Amino acid sequence: MLLTPEILTLDILNLLFLLFATVAFYFSVKILVQYKADETTALQYKLEKQSYLVATIIKFIFTIKIPLFIFFIFTLDKISTVLPGAMCGAGVVNATQYGTPLLMLKILNLYLFGYWIVLNNEDMKLEDRKYLKLKFFIFSFAYILLLIEIILQMSMFFSIDVNSVVDCCGSIYSTTSGTYMADIIGAKPLYLLTLFYGIYLFIIAAYIAKNRYFYSIFNLLFMIIALISLIGFFGTYIYELPTHHCPFCMLQKDYHYVGYFLYIFLFVGTFYGIIVGLIAFSKKESDLRFKISIFFDTLYVVVITAYPLFYYFKNGVFL
Amino acid sequence: MIQLHNVIKTYDDKVQALKGVDLRFKEGEFIVLKGVSGSGKSTILSLIAGLLKPTSGEVIVDNKKISKLPDHFCSEFRRDNIGFIFQRYNLISTLSVHDNIVLPLLPENLERELLEEKFQRTVTLFNIKHKEESLVKNLSGGEQQRVAIARANVNNPKIILADEPTANLDEKLSLDFIEIMRGLKATNKTIILATHDPLFFHLDFVDRIIEVKDGQCY
C-alpha cells in the first residue's frame with residue numbers, strides 16, 4: 001500500500017465525488033423513470049426543479065474530474081520515484097493488475113464526462129429541454145463507470161508494493177516482447193504514418209464538407225491512431241532514441257513536459273471533433289466546435305511532425 | 001391570451017395560496033383581481049409573470065406554457081412581454097430616474113440612440129421628463145409610482161400586471177394612476193390589476209372584476 005499526499009488528495013476527492021454522485025444517481029434514476037415533459041402535475045414540477053439541482057451537482061463533479069486526470073498522471077509520474085525499477089508512470093501503471101484497465105477507463109471517462117457537460121449546456125439552452133432524459137441516462141451509465149474507476153484507483157494504490165521490483169517502460173513498451181502491444185507499436189512506420197496523416201487528411205476533408213458524422217468518426221479514429229503512432233513512432237524522436245516507446249516519459253521535466261501539451265492538444269481536438277457528430281448544435285455553435293477541433297488537431301499534427309523533421313535537419317538521417 | 005388551468009400553488013408544502021384556479025383573459029382586457037390580503041391575488045400575478053411556478057396545473061400566455069419554461073426563458077419572456085408594477089415600486093433608490101427606467105432595456109444591448117429614444121418616449125408619455133436626472137430616493141410617492149409605471153412600459157409590453165399599485169398613494173394620486181391606466185387600456189394592452197382599493201370597482205373601462213377569496217376565483 002502506498003500513501004502519498006497526492007494519493008490521499010485523489011482518494012479524498014474521489015470519495016467526495018462518489019458521495020455526491022450517488023445522490024445525483026438516485027435522483028437521475030427517479031427523473032428517468034418518472035419525468036414526463038408534457039404533464040403539469042406537482043410531481044413533474046418537483047422533478048424539473050430536482051433536475052436543475054442534480055445537473056448542477058453532476059456538472060461540478062465532471063468539471064473537476066476532467067482536469068484531475070492531469071493530476072492523476074502527475075501523481076503516477078511522481079510515485080514512480082519510490083517504486084524500484086519504475087522510471088516513469090508506465091512502471092506504476094504496470095505495477096498492479098488494475099493499472100492498465102484504470103488508465104483505459106479514465107481516458108474513456110474523460111470523453112464521456114466531457115460529453116455530458118456539453119450535452120447539459122445544450123439542454124439548458126433549449127426551451128423544451130429535449131436532452132433532459134438523455135443526459136440523465138448517460139449520467140446513470142457514467143456513474144457506474146465512475147464507481148468502477150474509483151474502485152480500480154483505490155485498489156491500484158492499495159495494492160502497490162513498494163518493496164517489489166517493477167518493469168520499467170523500456171520493457172513494457174518493447175517491440176520485441178511478443179505481446180499485442182509490441183505488435184502494434186512495432187508496426188512499420190510507413191503504415192503508422194500513412195494511417196496517421198491519411199486520417200488527418202480525411203478530417204480536413206470532412207471539415208471542408210462540414211459533414212459532422214464523418215468528422216466525428218475520423219476524429220475518433222484519429223485519437224486512436226495518434227496515440228499508437230505517438231508511442232510507436234513520434235515518441236522515439238521526442239526521446240531521440242529508436243528503442244524508447246514510452247507514452248509517459250515525455251511528461252517529465254527531461255522532455256520539457258511536452259507530453260502534457262501533446263495530450264491536451266489531442267484531447268481537445270478529438271473531443272470537440274467527436275462531439276459535433278453526437279449533438280445537433282446550432283450552426284453557429286457547430287462551426288465554433290469544428291474550428292476548435294481542427295485547430296487543436298492541426299496543432300497536434302504540426303508539433304508532433306516537427307520532432308522527426310527537426311531531428312532530420314539536425315542529423316541528416318531518420319531514426 | 002392568458003390561461004390558468006387548474007392551478008394550485010402551495011408555499012413550503014404548508015400554505016395553499018391557490019386551490020385549483022381556472023382563469024382566461026382576452027387580449028386588451030382590463031381585469032381587476034379583487035380580494036383581501038392573503039387571498040392569492042399576488043400569487044396569480046406572479047404566476048402569469050413567470051416569477052413563480054405552480055405546484056401543479058399550467059399557465060399559458062400566447063400559447064406558450066410559461067409554467068414549463070426553464071428559468072432563464074421565463075426571464076426572457078418577462079422582459080419581452082410583461083410590465084410589472086409592484087406595490088412598493090421596487091425601484092433602485094440610489095439610481096436616477098433615467099437609469100431605473102432604462103434598466104429593463106439593458107439586456108437587449110440596444111444601440112444608445114434607440115435606447116434613449118425609447119426612454120424619451122416613455123418619460124414624455126408618463127409626464128416625468130423633468131425629473132429624469134433626479135435620484136429616485138428624492139422623489140415623492142406619486143412620482144416614484146410614475147417611474148415604476150414608466151419602467152414597466154419602457155419595453156412596450158403586451159401585458160401590464162399591477163400588484164396593489166395604489167396601496168401607498170393618497171386619493172388624488174390614486175385617481176392620477178387610474179387615468180394613466182385608462183390611457184394604457186386605450187392602447188389595447190392587457191392589464192391585470194390586483195387590489196382591494198374600492199376606487200377600481202366601478203370604473204367604466206374595467207372589463208371584469210374577479211373576486212379572489214381563499215385561493216379561489218369567483
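Colleague: At what angle do helix 8 of chain A and helix 11 of chain A pack?
Modeller: In this predicted model, helix 11 of chain A covers residues 283-315. Its axis lies 11 Å from that of helix 8 of chain A. The angle at which the two pack is about 155 degrees.

Colleague: Are helix 8 of chain A and helix 11 of chain A roughly parallel or roughly antiparallel to each other?
Modeller: Helix 8 of chain A passes helix 11 of chain A in a left-handed crossing. Their packing angle is about 155 degrees, and angles over 145 count as roughly antiparallel. The two helices are therefore roughly antiparallel.

Colleague: Which residues of helix 11 of chain A make the contact with helix 8 of chain A?
Modeller: From helix 8 of chain A come Tyr200(A), Ile203(A) and Tyr207(A). By class, the contact has six nonpolar, no polar and one charged residues. On the helix 11 side of chain A, the residues are Phe290(A), Ile294(A), Asp297(A) and Val301(A).

Colleague: How far apart are the axes of helix 8 of chain A and helix 9 of chain A?
Modeller: Helix 8 of chain A spans residues 189-209, and helix 9 of chain A spans residues 212-239. They pack at about 155 degrees and are therefore roughly antiparallel. The distance between their axes is 9 Å.

Colleague: How many nonpolar residues are in the contact of helix 8 of chain A with helix 9 of chain A?
Modeller: Helix 8 of chain A contributes residues including Leu192(A), Phe196(A) and Tyr200(A). Among those from helix 9 of chain A are Phe218(A), Phe222(A) and Gly232(A). The contact has three polar and no charged residues, and the nonpolar count is 20.

Colleague: Which helix of chain A gives the most to the side of domain 1 that touches domain 2 of chain A?
Modeller: Domain 1 of chain A covers 5-159 and domain 2 covers 173-315; 13 residues of domain 1 are in contact with 14 residues of domain 2. Helix 2 (42-79), helix 3 (89-95) and helix 4 (99-125) of chain A each supply at least two residues of the domain 1 side. With seven residues, the one giving the most is helix 4 of chain A.

Colleague: Which strand of chain B gives the most to the side that touches chain A?
Modeller: The contact takes 10 residues from chain B and seven residues from chain A. By class, the chain B side has four nonpolar, four polar and two charged residues. Giving three residues, the strand with the most is strand 4 (residues 56-61) of chain B.

How values were computed
Residues are numbered from 1 along each chain as its sequence is written. Chains are lettered from A and ligands numbered from 1 in the order in which they are written. This is a predicted model: local features need pLDDT of at least 70, side-chain atom pairs count only at pLDDT 80 or more; totals for chains, interfaces and linings use all residues. Domain bounds come from an automatic or database domain assignment. Two residues are in contact if their C-beta atoms, placed from the backbone, lie within 7 Å. Helices (H or I, at least four residues) and strands (E, at least two) are DSSP runs, numbered from the N terminus. Ala, Val, Leu, Ile, Met, Phe, Trp, Tyr, Cys and Pro count as nonpolar, Asp, Glu, Lys and Arg as charged, and the others, Gly among them, as polar. Axes are lines fitted to C-alpha atoms, for helices over the stretch in contact, and angles run from 0 to 180 degrees between N-to-C directions. Angles under 35 degrees count as roughly parallel, over 145 as roughly antiparallel, 65 to 115 as roughly perpendicular and the rest as oblique. A crossing is left-handed if the near helix is turned anticlockwise from the far one by less than a right angle, and right-handed if clockwise.
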